[in-house]
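Here is a short briefing on one protein model. Look over the sequence and the fold before reading the points.

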Amino acid sequence: MKKCIVTVLGKDTVGIVAKVCTYLAENEINILDISQTIIQGYFNMMVIVDVTNLPKDFTQMCDEMEKLGEEIGVSIRCQREDIFEKMHRL
């Protein structure tokens, strides 16, 4: 299994979760865990996904998700799980 961490940050608006999850489903990306919080109008979501069946290059997916974020007014970042873990060690 190839895991990836997707983070979504920005002002809360209608449809953020729907648009992100639609992109994931259309690209055969399975959601393993999801957490979202809205604090004083700011949206924060972290999604752990399985990209094993991703039909395109991982870099292309990251670029497309970043573009999707720009379209909906949020910041979307993707990181491979192993890199995420190394960056966030204590």
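Predicted model: local features only at pLDDT ≥ 70, side-chain atom pairs only at ≥ 80, totals over all residues.

Residues are numbered from 1 along each chain as its sequence is written, and side-chain values use heavy atoms, with hydrogens and water left out.

**Sheet**

- Four strands form an open sheet in the order β2-β3-β1-β4, with antiparallel pairing. Strands here are DSSP runs of E with at least two residues, and helices are runs of H or I with at least four, numbered from the N terminus. Two strands pair if DSSP finds at least two bridges between them.
- β2 and β4 are the edge strands, and each pairs on one side only.
- On average, neighbouring strands of this sheet are turned by 10° against each other, direction ignored. Axes are lines fitted to C-alpha atoms, for helices over the stretch in contact, and angles run from 0 to 180 degrees between N-to-C directions.
- Antiparallel pairing joins β1 and β4 over 7 bridges. Thr7 has Arg77 in β4 as its bridge partner.
- α1 packs on the sheet and touches β1, β2, β3 and β4. Its direction makes about 20° with that of β3. Contact means heavy atoms within 4.5 Å.
- α2 also packs on the sheet, where it touches β1 and β4. The direction of α2 makes about 165° with that of β4.

**Helix α1**

- Ile16, Val20, Tyr23 and Leu24 are buried in α1. Buried means under 20% relative accessible area, exposed over 50%, and partly exposed in between (1.4 Å probe, protein chains only).
- Exposed Ala25 and Glu26 lie on the face of α1 turned away from its buried side.

**Nonpolar core**

- The largest nonpolar core has 23 residues, and Val6, Val8, Met61 and Met65 touch the most other members. Such a core is a set of buried Ala, Val, Leu, Ile, Met, Phe, Trp, Tyr and Cys residues joined through side-chain atoms within 4.5 Å.
- At least two residues of this core come from each of β1, α1, β3, α2 and β4. α2 gives the most, with 6 residues.
- Beyond four places in sequence, Met65 contacts Val6, Val20, Tyr23, Leu24, Ile76 and Cys78.

**Asn27**

- Asn27 sits in the loop between α1 (16–26) and β2 (30–39). Its relative accessible area is 6%, so Asn27 counts as buried.
- A polar atom of the Asn27 side chain lies 2.9 Å from the backbone oxygen of Tyr23.
- The side chains of Asn27 and Lys56 make a polar contact at 2.8 Å. A polar contact is a pair of N or O atoms within 3.5 Å; within protein, one must be able to donate a hydrogen and the other to accept it, and residues adjacent in sequence count only if both atoms are side-chain atoms.
- Not counting residues up to four places away in sequence, Asn27 touches Asn53, Leu54, Pro55 and Lys56.

**Ile48**

- Ile48 belongs to strand β3. Ile48 counts as partly exposed because its relative accessibility is 23%.
- The C-alpha atoms of Ile48 and Asn30 are separated by 8.7 Å, with the two residues 18 apart along the chain.
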